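Please examine the model below with attention to its charged side chains and to one of its pockets.

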Amino acid sequence: MSFDNIFGIHEEALRLRARRSEVLASNLANADTPGYKARDFDFAAMLRNEVQQPVRLAATQTGHIKADQGVVASTQMGYRIPHQSSLDGNTVEAEREQAEFSENAMRYQASLRFLDGRIKGLMMAIKGTSQ
Amino acid sequence: MSSFKIFDIAGSGMNAQSLRLNVVASNMANVDAVSSSLEETYRARQPVFKAVLDQVNTRNPSVGVQMAGIVESKAPLVREFAPEHALADEQGYIYRPNVNVMEEMANMISASRAYQNNVEVLNSTRQMLTATINLGR
């Protein structure tokens, strides 16, 4: 058993979910900002990327700051295509963003539950008792 | 942890919407504030929102809301012939504000719904973070 991937995909998933909830929160906050374009990213594609070929910068000097993992750059973000366009150029559709936000939050909690189970299992193995 | 930024973002949204509600209240309160000249008459106000980009990390697309300013409505004031009115000018006219009550009501409902959306976002984020803190307990 390797401790490197003890949490499997859920560690990355959690990070990306947190990031996505941030993006969706800004969409909702800017629901009435003229000209604001709603943004989002393809979660599945990002996760696949992150797992298959994680972006890591080589630190050749001790002073190098470690690259932030699981961060989605704005170039990897897409713009939402609105069902109905509004006059002021704002593309936020509050209902849709809300639905996406709550789905994202649920999936976050699901990943969290998996992590929780993993940690509890480990604790059990270490202590030799259940709880 | 990046999730804490959501509190700032949703907070700025709530702030903007409550300011919008304030402006609506001001417009509604002054709907009957008649006067005897064009200059003195109250004009309906509307807030202008702007998205604030992250100053530190400009590549970060998640943004809060900022009040860019308040603009006065350019709609014509209502001139009414009422010679018996105490505030009537020499020609017997009074001026009413260009506040459209129907528009303001719609604005108010929209603002309070948007405010609620932001509160919901805050609540779910708080739950998510609490669950994360309690991980493995």
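This is a predicted model: local features need pLDDT of at least 70, side-chain atom pairs count only at pLDDT 80 or more; totals for chains, interfaces and linings use all residues.

| Salt bridge | Closest N and O atoms |
|---|---|
| Arg20(A) with Asp40(A) | 2.9 Å |
| Asp32(A) with Arg20(B) | 2.8 Å |
| Glu93(A) with Arg96(A) | 3.5 Å |

Within chain A, Arg20(A) pairs with Asp40(A); because Arg20(A) belongs to helix α1 (residues 10–29) and Asp40(A) to strand β1 (residues 39–40), the bridge ties together parts that are 20 residues apart in sequence. Arg20(A) is buried at a relative accessible area of 8%, and Asp40(A), at 10%, is buried as well.

The salt bridge of Asp32(A) with Arg20(B) crosses between chains, running from the loop between α1 and β1 of chain A to helix α1 (residues 5–29) of chain B. Here Asp32(A) is partly exposed, with a relative accessible area of 23%, whereas Arg20(B) counts as buried at 9%.

In the pair formed by Glu93(A) and Arg96(A), Glu93(A) is buried at 14% relative accessibility, while Arg96(A), at 26%, is partly exposed. Shared partners also join Arg20(A), Asp40(A), Arg80(A), Glu97(A) and Glu100(A) into one network of salt bridges.

The second largest pocket holds about 330 Å³ of space, and among its 19 lining residues Ala31(A), Asp32(A), Asp88(A), Asn90(A) and Arg20(B) lie nearest its centre. By class, the lining comprises 8 nonpolar, 7 polar and 4 charged residues. From chain B, β1 (45–52) and α2 (101–133) each supply at least two lining residues, with β1(B) giving the largest share, 4 residues.

Key:
Residues are numbered from 1 along each chain as its sequence is written. Chains are lettered from A and ligands numbered from 1 in the order in which they are written. Side-chain values use heavy atoms; hydrogens and water are left out. On a 1 Å grid over the protein atoms alone, a cavity is a set of points where a 1.4 Å probe fits but cannot get out, and a pocket is an open set with protein on both sides within 12 Å along at least five of seven lines; lining residues have an atom within 4 Å of a point. Grid points are joined across faces, edges and corners, and a volume is the space filled by probe spheres set on the points. Ala, Val, Leu, Ile, Met, Phe, Trp, Tyr, Cys and Pro count as nonpolar, Asp, Glu, Lys and Arg as charged, and the others, Gly among them, as polar. A salt bridge is a side-chain nitrogen of Lys or Arg within 4 Å of a carboxyl oxygen of Asp or Glu. Buried means under 20% relative accessible area, exposed over 50%, partly exposed in between (1.4 Å probe, protein chains only).
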